[in-house]
Amino acid sequence: MNIRSLTRGDGVVIGAAVLLLIASFLDLYSLDGAPDDYAIPNAWGSAPVLMGVVLAGIIGAALIVVAHGLPQAPKVAGLDIAPFGIAFTVFAAWSALGNVFDPAGGADNIGPNAGDGGVEAGIGLILALIATLLLAAAAIATPLVPALKGALLPAPKPAAPQPYGAQPQGGYGYPGAPGAQGQPGQPFGGQPGQPQPGQPFGAQGGPQPGQQQPQPQQAQAPQAQQQPPAAEFSPFWFAVPVPRPLYGEDGSPTPIAELAPGTWYLAVEQRGPGLVAQTQDGRRGVLQDTSGIQRG
C-alpha cells in the first residue's frame, strides 16, 4: 500500500474515523439527577450504537483508504470497494442522527415516567454524530472538490535522474569528455598531426607529391556515416500529481495499474497525446492523461 497515493480527502476521512473511535469510549447518555458513581454505558455497551454508528463508520473509512492506497483496488461483485465505503459512512451518519434525536430508543415513552425527557444524548453520541457527518461529507466530496483531490503527502525531490540508457557526463566514449579518445568526424584514436587512412606513414598534412588528392565528397562520406540519426523521443522519468490509471497497450478500457504520486515512473514511448509508461514491477501501459506531470 502506497500512502503517497492518498489524497487530502483521505486524510480527512482518517481523522474523522479516529474521532469516531474516541467518541465510542465516552458516555452515550446524559441522565438528570443521576449520582456521580452511576455507570453510564458507552458505545461498546450498546449494540445498536456500536454496530450502526461506530463500526459502520470505521469500516467505511477503511474501505475508502484501502481503495485509494492500493495500485488496483479490490472488487466486490465486480464493483470497486470505494462506493461501498461511501455507503457505510452515510449509513453511520444517518444512524448517529437518529440516536441523538432519540437516545433512549423509545424506552422513555413507556411506563409512568413517559415523556419526562430524563434521558438525553451524552457527549459520546454528540461527538459520534459530528465525526460521522464529517466522515460522510469527506467521502462524498473528495472526488468532486479539487482541493481534496490533491496529494496528502508532497512528492519527494528526485536526485536528478538521467534519461533512460544515457551514459554519465564525462563517461567512457562520451563526445567532448576530458580524455575522450577521438572527436566527432575523426576515426577512433585519431589525433591531429597523426597519419590518416589513405596517407603514407609520416605524413603530417596534405598529400605527398604525386599522390592524388581525395575528392570532397569522398572525404565527407565517413563523417556522414559516423553521425547517429536524431532521436525523436528520449525516455525520461516522471511523477503524477494525483492517482491516474494506466491502461493496457492493446487499447483495453480496463486499467491494468494506477500510478501513484510520489513514485517515479519511466516514459519509454510517445503514444499520441499519451505516454507509454513502465511501472517499477515491469508492467507497461498507456498513460492517457499527462497534464501536470513532473519530469525528472
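A salt bridge here is a side-chain nitrogen of Lys or Arg within 4 Å of a carboxyl oxygen of Asp or Glu, and a search of the whole structure, which is a predicted model, finds 6 of them.

Start with the whole protein in view. Its secondary structure comes to 6 helices and 11 strands, and of its 296 residues 30% count as buried. The accessible surface comes to about 17,700 Å², with 61% of that area belonging to carbon and sulfur atoms. Among contacts between residues at least 6 apart in sequence, 63% join residues at least 24 apart.

Next, select helix H3, residues 81–101. Its 21 residues, at 1.5 Å a residue, should span 30 Å, and the C-alpha atoms at its ends are 31 Å apart, which agrees. Within H3, colour Ile81, Ala82, Gly85, Thr89, Ala92, Ala93, Ser95, Ala96 and Asn99, which are buried. If you look down the axis of H3, these buried residues fall within an arc of 165°, so they line one face of the helix. In an α-helix there are 3.6 residues a turn, so residues three or four places apart point the same way. Now show what the buried residues of H3 pack against, namely helix H2 (47–69), strand E2 (75–76), strand E3 and helix H4 (123–141). Turning to the other side of H3, you will find Trp94 and Phe101, which are exposed.

From there, select Ile59, Val76, Leu79, Phe84 and Phe88, which make a nonpolar surface patch of about 410 Å². One of these residues, leucine 79, lies in strand E3 (residues 79–80).

Finally, move to Glu249, Glu269, Arg271 and Arg284, which are linked in a network of salt bridges. Begin with glutamate 249 and arginine 271, whose closest N and O atoms are 3.2 Å apart in a salt bridge. Glutamate 249 lies in the loop between strand E6 (244–247) and strand E7 (255–259), while arginine 271 is in strand E8 (residues 265–271), so the pair ties together parts that are 22 residues apart in sequence. Glutamate 249 also forms a salt bridge with arginine 284, where the closest N and O atoms are 3.5 Å apart. This second pair links distant parts of the chain, 35 residues apart, with arginine 284 in strand E10 (residues 284–287). Arginine 284 in turn meets glutamate 269 in a salt bridge of 3.9 Å, N to O, and because glutamate 269 lies in strand E8 and arginine 284 in strand E10, this pair ties together parts that are 15 residues apart in sequence.

Definitions and conventions:
Residues are numbered from 1 along each chain as its sequence is written. This is a predicted model: local features need pLDDT of at least 70, side-chain atom pairs count only at pLDDT 80 or more; totals for chains, interfaces and linings use all residues. Side-chain values use heavy atoms; hydrogens and water are left out. Patches are made of residues with over 30% relative accessible area and no salt bridge: like charges are joined within 9 Å, nonpolar side chains (Val, Leu, Ile, Met, Phe, Trp, Tyr) within 5 Å. Accessible areas come from the Shrake-Rupley method with a 1.4 Å probe; for residues, only the protein chains shown count as cover. Helices (H or I, at least four residues) and strands (E, at least two) are DSSP runs, numbered from the N terminus. The expected span of a helix is 1.5 Å times one less than its number of residues. Buried means under 20% relative accessible area, exposed over 50%, partly exposed in between (1.4 Å probe, protein chains only). The arc is that of the directions from the helix axis to the C-beta atoms. Contact means heavy atoms within 4.5 Å.
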